[in-house]
Amino acid sequence: MNEQLLVQQIQQGSEQAFFQLVEQYKTMVFYTCNGFVQDREEAEDLAQEVFIELFQSIETFNFQSKLSTWIYRIAVNKSLDLLKYKNRKKRFSGIKQVFGVDRETDNISATYNFEASADIENQERAQILKEAINKLPKNQQIAFTLNKYDDLSYAEIAEIMQTSVSAVESLIHRAKKKLQELLYNYYQIHKK
Amino acid sequence: MKEANKMEKQNFNIAQEVEKTLNCFSEIQKPELNPYFVSKLSARMQAQQQKNIPKIAVTFKLALALFILLLNFATIFNYLNNSTKINSDENIYSAIQSEYSVDATDLYADNLENFNN
């Protein structure tokens with residue numbers, strides 16, 4: 001079915017059309033969320049939230065951008081919101097730990113690090129990289145993740161971020177530089 | 001010299017590690033999406049819709065309570081406004097009475113005098 005027709009049907013309240021759209025975009029949304037949170041369960045949960053928000057706000061979609069771009073934007077915003085929430089929670093539990101109130105977080109990170117996986121080394125690297133990406137400014141974080149994890153072109157990222165291609169190029173360049181610096185410091189401290 | 005070589009080697013190793021980590025996304029196998037994703041989403045949406053119904057009911061009840069409260073306030077305000085108006089009317093009457101020396105007992109006394117005459 002034509003995308004425009006599909007959107008119009010959803011705007012008229014058709015659930016069938018909505019689930020057709022979900023089928024079409026579920027993998028894309030899931031991968032995007034996973035690129036940011038690096039956790040399958042959380043990414044799935046986020047993807048569901050993305051589609052719920054999409055259903056609730058589809059009336060505001062006016063075909064000024066591509067549907068996929070609009071969906072990417074919702075997915076990116078939702079993922080960043082979750083990361084922000086988790087960072088806040090982490091900081092708070094850090095304070096709790098200082099006062100000896102909370103001991104749970106140690107166990108959580110331990111189970112996460114040794115998650116059953118075929119390539120544990122890569123998982124570990126991804127975890128380290130994720131921590132480093134979280135330290136980047138928001139725009140660099142978005143541009144780098146969409147480029148490296150979702151394999152999106154600079155032009156596509158520019159459309160999602162509503163900026164120019166050269167700005168995206170610069171963001172990714174700066175992100176790489178900063179990440180190199182952060183990772184270098186990390187490996188210097190954690191020498192094998 | 002040996003120390004410098006060791007340092008250089010260490011830096012090289014770190015740089016390699018950094019490069020590997022930076023490119024690990026392409027090495028990583030992307031996870032599979034749960035095959036029940038759509039049914040889970042559908043269930044979640046239904047649950048949310050059901051959750052919204054009591055929310056709407058609560059909102060309606062609150063709005064009704066607020067409306068009744070406002071109505072009460074309006075009635076009280078109206079009543080107070082009218083009673084002050086009555087009071088002010090009474091003030092006018094007494095002012096006229098004192099101005100023209102009109103008194104109910106005087107009128108009655110006048111009438112009685114007239115009748116006696």
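Q: At what angle do the axes of helix α8 and helix α9 of chain A cross?
A: In this predicted model, with local features at pLDDT of at least 70, side-chain atom pairs at pLDDT 80 or more and totals for chains, interfaces and linings over all residues, side-chain values use heavy atoms, without hydrogens and water. Residues are numbered from 1 along each chain as its sequence is written, and chains are lettered from A and ligands numbered from 1 in the order in which they are written. Helices are DSSP runs (H or I, at least four residues) numbered from the N terminus, and axes are lines fitted to C-alpha atoms over the stretch in contact, with angles from 0 to 180 degrees between N-to-C directions. The axes of α8 (residues 154-161) and α9 (residues 165-189) of chain A come within 8 Å and cross at roughly 100 degrees.

Q: How are α8(A) and α9(A) oriented to each other?
A: Angles of 65 to 115 degrees count as roughly perpendicular, under 35 as roughly parallel, over 145 as roughly antiparallel and the rest as oblique. The two axes cross at roughly 100 degrees. α8(A) and α9(A) are therefore roughly perpendicular.

Q: Which residues of α9(A) make the contact with α8(A)?
A: Contact means heavy atoms within 4.5 Å. From α8(A) come A:Tyr154, A:Ala155, A:Ile157, A:Ala158 and A:Met161. Those from α9(A) are A:Val165, A:Val168, A:Glu169, A:Leu171 and A:Ile172.

Q: What area is buried between chain B and chain A?
A: Buried area is the accessible area (1.4 Å probe) lost by two parts on being put together, summed over both. The contact takes 29 residues from chain B and 43 residues from chain A. Carbon and sulfur atoms give 66% of the buried area, which is about 3400 Å².

Q: Which residue of chain A meets B:Glu17 in a salt bridge?
A: A salt bridge is a side-chain nitrogen of Lys or Arg within 4 Å of a carboxyl oxygen of Asp or Glu. Between chain B and chain A the count is 4 salt bridges. At 3.0 Å, N to O, the partner of B:Glu17 is A:Arg125.

Q: How are α6(A) and α1(B) oriented to each other?
A: A:Arg125, A:Ile128 and A:Leu129 in α6(A) meet B:Glu17, B:Lys20, B:Thr21 and B:Leu22 in α1(B). The helices pack at an angle of about 90 degrees, with axes 9 Å apart. α6(A) and α1(B) are therefore roughly perpendicular.

Technical notes: Helix = DSSP H or I, 4+ residues; strand = E, 2+ residues; numbered from the N terminus.
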